Amino acid sequence: LRVFLDCSQRLRFERRLERDIASRGRTRKSVRHQFFQMTAPMHDRYVQPQIRWAEILLEGTVHHKQLAGLVTRLKRLLTGG
């Protein structure tokens with residue numbers, strides 16, 4: 001089962017910024033530089049094209065209802081029901 005979580009560049013940057021500052025001790029400037037010079041271009045080139053093979057597409061912030069539906073589908077696949 002191929003699941004693709006499609007988030008805006010802004011959301012991806014905000015999540016990375018928060019994580020890298022809090023848990024990796026990086027500066028805002030270093031995170032911003034890496035994200036826009038390396039991470040975002042590689043996402044556009046290698047990650048985003050994978051959306052075409054996704055069987056399930058989740059967009060933006062995943063809500064409880066979406067996650068519950070995904071869990072239900074995974075359980076059915078695992079149990080054969």
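The model is predicted: local features need pLDDT of at least 70, side-chain atom pairs count only at pLDDT 80 or more, and totals for chains, interfaces and linings use all residues. Residues are numbered from 1 along each chain as its sequence is written, and side-chain values use heavy atoms, with hydrogens and water left out. The protein holds three helices and two strands. Its radius of gyration is 16 Å, well over the 12 Å that the globule rule gives for 81 residues, so the protein is more spread out than a compact globule.

**Fold and dimensions**

- Along the sequence, the elements run β-α-α-β-α.
- Helices (H or I, at least four residues) and strands (E, at least two) are DSSP runs, numbered from the N terminus.
- The radius of gyration is taken over C-alpha atoms, and the globule rule is 2.2 Å times the number of residues to the power 0.38.
- Along the principal axes, the C-alpha atoms fill a box of roughly 50 × 25 × 15 Å.
- Contact means heavy atoms within 4.5 Å. Of the contacts between residues at least 6 apart in sequence, 59% join residues at least 24 apart.

**Surface and charge**

- Buried residues account for 19% of the 81 residues. Buried means under 20% relative accessible area, exposed means over 50%, and partly exposed lies in between (1.4 Å probe, protein chains only).
- The accessible surface is about 6400 Å², and 55% of it belongs to carbon and sulfur atoms. Areas come from the Shrake-Rupley method with a 1.4 Å probe; for residues, only the protein chains shown count as cover.
- There are 17 positive and 7 negative side chains, with the centres of the two sets 3 Å apart.
- Lys and Arg count as positive, Asp and Glu as negative; His and the chain ends are not counted. Each charge is placed at NZ of Lys, CZ of Arg, CG of Asp or CD of Glu.

**Salt bridges**

- Side chains of opposite charge can pair when their charged atoms come close.
- The rule here asks for a side-chain nitrogen of Lys or Arg within 4 Å of a carboxyl oxygen of Asp or Glu. By this rule there are five salt bridges.
- Arg2 and Glu55 form one of them, at 3.0 Å from N to O. Arg2 sits in the segment before strand S1 (3-6) and Glu55 in the loop between helix H2 (28-47) and S2, so the pair ties together parts that are 53 residues apart in sequence.
- Both ends of that pair are partly exposed: Arg2 has a relative accessible area of 47%, and Glu55 has 40%.
- Arg24 bridges to Asp20, with the closest N and O atoms 3.5 Å apart. The two residues are four apart in helix H1 (residues 9-24), about one helical turn.
- Asp20 is buried at 0% relative accessibility. Arg24 is exposed at 52%.
- Asp20 also meets Arg26 in a salt bridge, at 2.9 Å from N to O. Arg26 is partly exposed, with a relative accessible area of 24%.
- Arg19, Asp20, Arg24 and Arg26 are linked in a salt-bridge network.

**Asp6, a buried charge**

- Asp6 lies in strand S1.
- Asp6 is buried but has no salt bridge; Arg12, the nearest side chain of opposite charge, is 5.5 Å away.
- Leaving out residues up to four places away in sequence, Asp6 touches Gln48, Ile51, Leu57, Leu58, Glu59 and Gly60.

**Leu70, in helix H3**

- Leu70 belongs to helix H3. This residue is buried at 12% relative accessibility.
- Beyond neighbours within four places in sequence, Leu70 contacts Leu1, Val3, Ile56 and Leu58.
- Leu70 and Ile56 are 14 residues apart in sequence, and their C-alpha atoms are 8.4 Å apart.

**Val62, in a loop**

- Val62 lies in the loop between strand S2 (56-59) and helix H3 (64-79). This residue is partly exposed at 31% relative accessibility.
- Setting aside neighbours within four places in sequence, Val62 contacts Leu5 and Leu67.
- Phe36 is 26 residues from Val62 along the chain, and their C-alpha atoms are separated by 24 Å.
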